[in-house]
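Please look over the chain below before reading on. The paragraphs after it go from the whole chain to single residues.

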Amino acid sequence: MAFQLERAFSEKKTIFAEAGVGTGKTLVYLLYAINYAYYTKKPAVISCADESLIEQLVKQDGDIAKLSSHLGLSIDARLAKSPEQYLCLNKLHDARYSDAEADVFESIYRGLPPFVRTRDSLQHFHAYGDRKDYSELNDAQWKKINWDIFQDCTICDKRHRCGLTLSRMNYRHASDLIVCSHDYYTEHLWTADSRKRAGQLPYLPDHSAIVFDEGHLLEFAAQKALTYQLKISLFEEIITRVLQSGVREALARKVEQTLEQCQAMFGALQCHVQPVPGSDRMTVMLSEPLLGEVHKFRYELSQLEEQLAVEAGLYSLSEYHLRLVDEHLEMLQSAMRHFQHTPSLITWATVSGGELILWIMPREVKDVLQETVFGRHLPIVFSSATLSVDGSFRYMTESLGIVKPLSFSVPSPYDYEQQMMVFAPKLPLHSLEGREKDKMDAAFTFLKRTQGRAMLLFPSREELQQFKQHALCYPDYGLYAFLFEGDKEISHLIASFQREQAGVLCAVSLWEGLDIPGPALSNVTIWSLPFPPHDPVFNAKRKDAVQPYEEVDLPYMLLRLRQGMGRLIRTSSDKGIVVLLDERVHEDPLLREQIQKVLPDHVSLHLNGPC
């Protein structure tokens, strides 16, 4: 692997480095990235699947710490976390005075650094407000006080004392490595030019190389970053900034007309949405009446832009506010343009705080990725144990628009035949309610076999919550220390699980990257096979496919299943079991055959078990 990466760095090419568990792939790409950063005097970026995995890379006993210790290196590695991982002082202020849990948020405010609450000069400032620092909050509580997409930091009077701002100042000075998530890296790509035009620094500094750890997830992150969100209240707040004293009546009237048309469009949208089972996303039905309202809204936006151009020439408006409104309208017009050609459009709606939100996503991102990433002549490494499908990297190259990449595959050196057993117990044929009880009985039977020390993986939060409700009433629930994703900050839950003697970690987002070696994790139970949901994003992929099940659903499920099973064996001494609690394994022989193909060599699927 080291020799393969040497070529990618020397020739500044993209390489797919598929290597199994135990091959040392992380150590290899870290060594090359660090040395290349030394050579170019620019940091390398390590982009991970999500926020919980970037913490693992820099933890005290993580791979960066091991390299530093064994090689005597002083490695300057800093985390660049997504804005959602930081406290928002404005939302905290509102929660202290208006939320039912005001006492909780008042305590958080009292614990903030003194410089946040005082305006004294000559103070020492430091980063604060990281989600990890508030591990006792559940996800619902955190969402009441964290930054979200509808916060406008450009006009916030607290931004210079904000933990998010201070954290950016810190990681921008990293000399060796900047570690971030795919979401944050792609957000950096799409916003870099607009931030420069607004007189702001891009999220990330100039860098010498990029490593995409769990790189098979990059396409989804890129689509997410290019997604535009529109809601009436924020749109109104932004465009009414130009209504200062002295503006022309024509501009004021056009702002009012544009707002009225936005409300009319959302009124039509309200009548054209359908809930999706198992998802908080609602399908948008693109009828002629709705598209007509969208067209009218786009016309009003164009007229408003013309009026703003006239106003700019008169120098009657604040240049700062005018630039912000112009940038917002430009992004909105770019997003709404997808409605001209609906085959290029993925759209859905959600409800938050009682308000309808319209989401607009491009169907393909490969052209933008080619321009902003793969066309830059940089060393780019895709690293994962699951990059290929049936031995081919074609799926990755076509979806991301990568031309002639280098590639190689290295299997894991572990003896899976001796270390892993995979069970798919046949459950009794009952009604839906009885079937859930049978799955619960099977899950607890296997928990007893491993004395806890298990992770239960769920395809959706809905299934996790259903399991949680039933498990709380199960007779043997008290024998184990159950930890549920969403109850506390995720890295805190992982650390707690490793300390527990009979821990059971139940999660939705830990299919990839989680590294818990040793007996603490001896059982990975898959509650349901991780097929993609029937939401607008995957439905769009299905519409593009000749055979949707074979081209979209099955490859996605098998890739995610391989990742989930890969959490079990992390060292040559690990042993344990994987349990598949999905009756479809028994009902569909072709599906069962496909699952057997993705199991490690010499590992068989046992169709019976302790239950």
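This is a predicted model: local features need pLDDT of at least 70, side-chain atom pairs count only at pLDDT 80 or more; totals for chains, interfaces and linings use all residues.

Residues are numbered from 1 along each chain as its sequence is written, and side-chain values use heavy atoms, leaving out hydrogens and water.

The chain holds 25 helices and 19 strands; these are DSSP runs numbered from the N terminus, with helices (H or I) of at least four residues and strands (E) of at least two. Its radius of gyration is 26 Å, close to the 25 Å that the globule rule gives for 611 residues, so the chain is as compact as a globular protein of that length. The radius is taken over C-alpha atoms, and the rule is 2.2 Å times the number of residues to the power 0.38. Along the principal axes, the C-alpha atoms fill a box of roughly 80 × 60 × 55 Å.

Of the 611 residues, 53% are buried. Buried means under 20% relative accessible area, exposed means over 50%, and partly exposed lies in between (1.4 Å probe, protein chains only). Among contacts in the chain with a separation of 6 or more, 76% join residues 24 or more positions apart; a contact means heavy atoms within 4.5 Å.

How many disulfides does a search of the whole structure find? The search finds zero. A disulfide is a covalent bond between the sulfur atoms of two cysteines, and here the term requires a pair of cysteine sulfur atoms within 2.5 Å. For Cys-88, the closest cysteine sulfur is in Cys-156, 6.6 Å away and too far for a bond. Cys-473 has its closest cysteine sulfur in Cys-506, at 15 Å, which is also too far for a bond. Cys-88 is buried, at 8% relative accessible area, whereas Cys-473 is exposed, at 67%.

Two glutamines give a view of local surroundings. Gln-141 lies in helix H8, which covers residues 139–143, and is buried with a relative accessible area of 11%. Apart from neighbours within four places in sequence, Gln-141 contacts Glu-101, Phe-105 and Glu-136.

Gln-370 belongs to helix H16, residues 366–374, and is partly exposed, at 31%. With neighbours within four places in sequence set aside, Gln-370 is in contact with Gly-375 and Gly-401. Gln-370 and Ile-402 are 32 residues apart in sequence, and their C-alpha atoms are 7.1 Å apart in space.
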